Amino acid sequence: MGGCVGAQHDSSGSLNENSEGTGVALGRNQPLKKEKPKWKSDYPMTDGQLRSKRDEFWDTAPAFEGRKEIWDALKAAAHAFESNDHELAQAIIDGANITLPHA
């Protein structure tokens, strides 16, 4: 119980990557990247429409899979990130023990 299933260990016995061999360290969290992701919509949206879509996402996402407290932490971190408070976003992610192997 509590062990990493499918994890590989190097010759020293240290955990070094997942079983798929992608080189992503299990249990290691990468810091958030400060640049905002670029995206493109299939149709033009106003700021209000975008905000409405985001609200819809955050309202419905927990119903599909995952724990509500994790979704709440992700929402709070996303809001902090959008407000350019990267330190708060990182603190929320770290405090909720959410792993971001690809930042």
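## Starting at Asn97

Does Asn97 count as buried or exposed? At 68% relative accessibility, Asn97 counts as exposed. Keep in mind that this is a predicted model. You'll find Asn97 in the segment after α3, and its phi is positive, about 60°, although Asn97 is not a glycine.

Most residues other than glycine have a negative phi.

## Another asparagine with a positive phi

Now go to the loop between α2 and α3, where Asn84 sits. Asn84 isn't a glycine either, but its phi is positive, near 65°. With a relative accessibility of 52%, Asn84 counts as exposed; the cut-off for that label is over 50%.

## Helix α3 and its buried face

Helix α3 covers residues 86-95, and its buried residues are His86, Ala89, Gln90, Ile92 and Ile93. Looking down the axis of α3, you'd see these buried residues fall within an arc of 160°, so they line one face of the helix. A bit of helix geometry is handy here. An α-helix has 3.6 residues a turn, so residues three or four places apart point the same way.

As for what covers the buried residues of α3, helix α2 (68-82) is included.

Is Ala76 buried, partly exposed or exposed? Its relative accessibility is 34%, so Ala76 counts as partly exposed; that label lies between buried, under 20%, and exposed, over 50%.

Ala76 and Leu88 are twelve residues apart along the chain, and 9.2 Å separates their C-alpha atoms.

## How α1 meets α2

What angle do the axes of α1 and α2 make when they cross? The axis of α1 (residues 47-64) comes within 10 Å of the axis of α2, and the two cross at roughly 160°. That makes α1 roughly antiparallel to α2, since angles over 145 degrees count that way. The crossing of α1 past α2 is right-handed.

Which residues make the contact? From α1 come Arg54, Phe57, Trp58, Ala61 and Pro62, while α2 brings Trp71, Leu74, Lys75, Ala78 and Glu82. Sorted by class, the contact of α1 with α2 has seven nonpolar residues, three charged ones and no polar ones.

Notes
Residues numbered from 1 in each chain as written. Predicted model: local features only at pLDDT ≥ 70, side-chain atom pairs only at ≥ 80, totals over all residues. Heavy atoms only, no water. Buried < 20%, exposed > 50% of the residue type's maximum accessible area, 1.4 Å probe, protein only. Helix = DSSP H or I, 4+ residues; strand = E, 2+ residues; numbered from the N terminus. Arc of directions from axis to C-beta. Contact = heavy atoms within 4.5 Å. Axes fitted to C-alpha atoms, helices over the stretch in contact; angles between N-to-C directions. Parallel < 35°, antiparallel > 145°, perpendicular 65-115°, else oblique. Left-handed = near helix turned anticlockwise from the far one by under 90°. Nonpolar A, V, L, I, M, F, W, Y, C, P; charged D, E, K, R; others polar.
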